[in-house]
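Keep the 3D view open as you read.

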Amino acid sequence: MIRRILVLALAGTVLGVQCSPALAANGPGDGFEVASYRLSLTPDIQNKTVEGREVITLRATMEGVQRLTFSANALSIDSAALDGVALAHTVEGDVLGFDLPRPIQRGRTVKLELSYHGRPARGFAGSATTLYTSYFACDWMVCSQNKFGEKAAFFLDLRVPAGMTSLSIGSMIARRPGPDGSEIHSWKAPRPYSAYLYGFGVGRFTRVSERAGSKRLTYLSDTTDADELKRRFAKTKEMVAFLSAKAGVPLPVADYGQLLVKGDEAQEAATYSVLGTDALPTKPDDPSEDWAIAHELTHQWWGNLITCETLRDFWLNEGITTFMTAAWKEHRYGRVAYDAELEVARRRLKKAQALGFDKPLAWDGTYPTLSARRAIQYSKGALFMAQLRATLGDTAFWSGLRRYTREHAGGTVTSIDLERAMEASSGRDLQPLFVRWVFGDDLSGRQRE
């Protein structure tokens, strides 16, 4: 069964990054932070290629930055310039680098202008008439894939064939005629997001919408009709109400989209999700098979709105979300469904432990296998949240989760932020519990850097 497959893409990237000697010396994003990405993209749906122009506004965070580095990809860089001065580029292992003619002093803001073309090696999928991205944003644009703590503004001008529907993060703020019978769809993100959450889709999609209070829920697909879309996503509105109450924060986006495609896709983007027909329930009220809709929607709060500062604390994105999927099932189907969902996590963790692998949640070492990573960050993370709930009781636990979410909305977090929120809500010293589950012998993670 292809349950919880969305981690596959991420784990492959992370494992590659950790093993790369090039990145150890000068990793993507070192020495600067990005304020905004402005892109003009022309995707070729049939050939799954892209042409693009990009302006990256960035600020040096160290003295004398001499090299700008990003995640390497399969694109060909046609031109590069920093504040109008042409730059050469190199690719070394997993690093795309631009050597500067003179160092950038700390605090200075500059603009890197790029043009490129090519066929992304990852992150492009679809059919003969559709194209959508999935996770690997820095394969179809220039950015730093795993710099989770850096949130930047995102603007996209998407050139598509006239009559096509497009989807991206945020809202379409303009639509105008383009050259050769095309249209330019301009999208703007509602707030800064981490680069791994950028994305878009293009196709002749069926599109239906409904309201969830002040929010709009939009469902799109090229595989089915409007009635089937409504049936497939019928529980979304109830999920939004449940998660908003538990988070203490309304759905963080004005328009949340769900793109239904063929296959087993299950991937969140900043303001929408891509979901495969094979990952969704085949019949109504099936508690074992609605995890994907709930999981990806939950990321709008934990993962997207609030993002782990580094991959060390990635469990805060995925462990909380996996737990909240179980909590939704408890709300919708009863305690048996909650216990069954946690049992899936328990079995995964036990399998890793039986093979001799178990680590604290806030661990930044190299995972030996994908299943080991998933067992810790997703499954053990969910089980720890369940343990917190059992230890504190529902009143203090949900109060702590609301405090954590409200205090850090729009920002980044480490594990100590969750500990402090839970201690404040319960009035209890939770250091022993967090040391046992989260920090282990490495207590450096208990200090905010």
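Start with Asp 99, which is partly exposed, at a relative accessible area of 42%. This is a predicted model. Arg 67 has a relative accessibility of 17% and counts as buried, because the cut-off for buried is under 20%. Asp 99 and Arg 67 form a salt bridge, with 2.9 Å between the closest N and O atoms. Where do the two residues sit?

Take helix H4 (residues 226-232) next. Here the side chains of Arg 232 and Glu 228 meet in a salt bridge, at 3.2 Å from N to O. The two residues are four apart in the helix, which means that about one helical turn separates them. Arg 232 counts as buried, at 18% relative accessibility. Glu 228 is partly exposed, and its relative accessible area is 22%.

Now move to helix H10 (residues 394-408). Glu 407 and Arg 403 form a salt bridge, and their closest N and O atoms are 3.8 Å apart. Again the residues are four apart, so about one helical turn lies between Glu 407 and Arg 403. Is Glu 407 buried or exposed? Glu 407 counts as exposed, at 51% relative accessibility, because the cut-off for exposed is over 50%. Arg 403 is partly exposed, with a relative accessible area of 34%. Elsewhere, salt bridges with shared partners link Glu 330, Arg 335, Asp 339, Arg 389 and Asp 394 into one network.

Strands of a sheet pair through backbone hydrogen bonds, in parallel or antiparallel fashion. This sheet is open and has five strands, in the order E17-E18-E19-E21-E20. Its pairing is mixed. Which strands stand at the edges? They are E17 (206-212) and E20 (266-268). Each has a single partner strand, so one side of each is left without a neighbour in the sheet. On average, neighbouring strands of this sheet are turned by 15° against each other, direction ignored.

Three bridges join E20 to strand E21 (residues 272-276), and the two run antiparallel. To find one of these contacts, go to Gln 267, whose bridge partner in E21 is Val 274.

Technical notes. Residues are numbered from 1 along each chain as its sequence is written. This is a predicted model: local features need pLDDT of at least 70, side-chain atom pairs count only at pLDDT 80 or more; totals for chains, interfaces and linings use all residues. Side-chain values use heavy atoms; hydrogens and water are left out. Two strands pair if DSSP finds at least two bridges between them. Axes are lines fitted to C-alpha atoms, for helices over the stretch in contact, and angles run from 0 to 180 degrees between N-to-C directions. A salt bridge is a side-chain nitrogen of Lys or Arg within 4 Å of a carboxyl oxygen of Asp or Glu. Buried means under 20% relative accessible area, exposed over 50%, partly exposed in between (1.4 Å probe, protein chains only).
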